[in-house]
Amino acid sequence: PPQLFHFLPLKENVQGTTATILWSKGEATLKTEMDIEYGGTEIGRTVMEQPMHSISQIPEAERTLGNTSETRLCYALNNGLMQCFPSRLHKTLLPVEPWIREEEDTSVDLALRGQKGFRATTDHRNIPVITAYGPVGNTGLVMTEIINTEEVSAPLKWHLMLTIGLNLLLSLLGVAVLKTQI
């Protein structure tokens, strides 16, 4: 049976419409149900399903962002709980976890409150990371992109060391040339 990933009613929802995201074998499908009315009387209900390839491809797309990157697509449940889609580091639907906490807010917490931005912080493994976060339109979904600070700064450190080494080499060459002139 597919793992059901319930989607909160869209904020721009039409009365009588519900939406659910179905998750099965690594594929997301949006299931939308809508009442059909005629003359103010409900005469039926229509059900539509549409594959959501962009969500299903998040784990593969993460590979292009870096070795330590992770994209989390989550939404808030009732009672201060949240749930997230699978990612490269978490292969199945992430368990329901609280997003309203007593300690420091996570980037997902901030996004669920409607904020967007980026910040340097530590992740759940206590590793320094840089995160970008924000809501996904008016859907109730939020997205965060996380990458280890070390991976981001590694190219900068390499270029800095190269620049220092080249400056040192040029300085030594300059001293050697000056010695031959004296």
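Modeller: Let us begin with Cys 84, which has a relative accessibility of 1% and counts as buried. Please bear in mind that the model is a predicted one.

Biologist: Why is Cys 84 called buried?

Modeller: The term buried requires a relative accessible area under 20%. Cys 84 stands at 1%, so Cys 84 is classed as buried.

Biologist: What makes Cys 74 buried or exposed?

Modeller: The relative accessible area of Cys 74 is 0%, and therefore Cys 74 is buried.

Biologist: How do you know that a disulfide joins Cys 74 to Cys 84?

Modeller: The rule asks for a pair of cysteine sulfur atoms within 2.5 Å. The S to S distance between Cys 74 and Cys 84 is 1.9 Å, and the pair meets the rule. By this rule the count comes to one disulfide. In general terms, such a link is a covalent bond between the sulfur atoms of two cysteines.

Biologist: Why is the disulfide of Cys 74 and Cys 84 called right-handed?

Modeller: The torsion about its S-S bond is about 100°, which is why the disulfide is described as right-handed.

Biologist: Which parts does the pair tie together?

Modeller: Cys 74 belongs to strand 5 (residues 70–76) and Cys 84 to strand 6 (residues 81–84), so the pair ties together parts that are ten residues apart in sequence.

Biologist: Where does Pro 86 lie, and why is Pro 86 called buried?

Modeller: Pro 86 is found in the loop between strand 6 and strand 7 (97–98). Its relative accessible area is 6%, against a limit of under 20%, so Pro 86 is buried. The C-alpha atoms of Pro 86 and Trp 23 are separated by 9.5 Å, although the two are 63 residues apart along the chain.

Biologist: What makes strand 2 and strand 3 a pair?

Modeller: Pairing requires at least two bridges. Eight bridges join strand 2 (residues 17–24) to strand 3 (residues 27–38), and the two run antiparallel. Within this pairing, Thr 18 stands opposite Glu 33. The two strands form a hairpin with two residues between them, and Lys 25 in the turn has a positive phi of about 55°.

Biologist: Why is strand 2 described as largely enclosed?

Modeller: Six of the eight residues of strand 2 are buried, so the rest of the structure largely encloses this strand.

Biologist: How do you know that strand 3 also pairs with strand 4?

Modeller: Ten bridges join strand 3 to strand 4 (residues 41–51), where at least two are required; this pair, too, runs antiparallel. Leu 30 stands opposite Gln 50 in strand 4. Here again there is a hairpin with two residues between the strands, and Gly 39 in the turn has a positive phi of about 60°.

Biologist: How many helices and strands does the chain contain?

Modeller: The chain has four helices and ten strands. Buried residues make up 32% of its 182 residues.

Note on methods:
Residues are numbered from 1 along each chain as its sequence is written. This is a predicted model: local features need pLDDT of at least 70, side-chain atom pairs count only at pLDDT 80 or more; totals for chains, interfaces and linings use all residues. Side-chain values use heavy atoms; hydrogens and water are left out. Buried means under 20% relative accessible area, exposed over 50%, partly exposed in between (1.4 Å probe, protein chains only).
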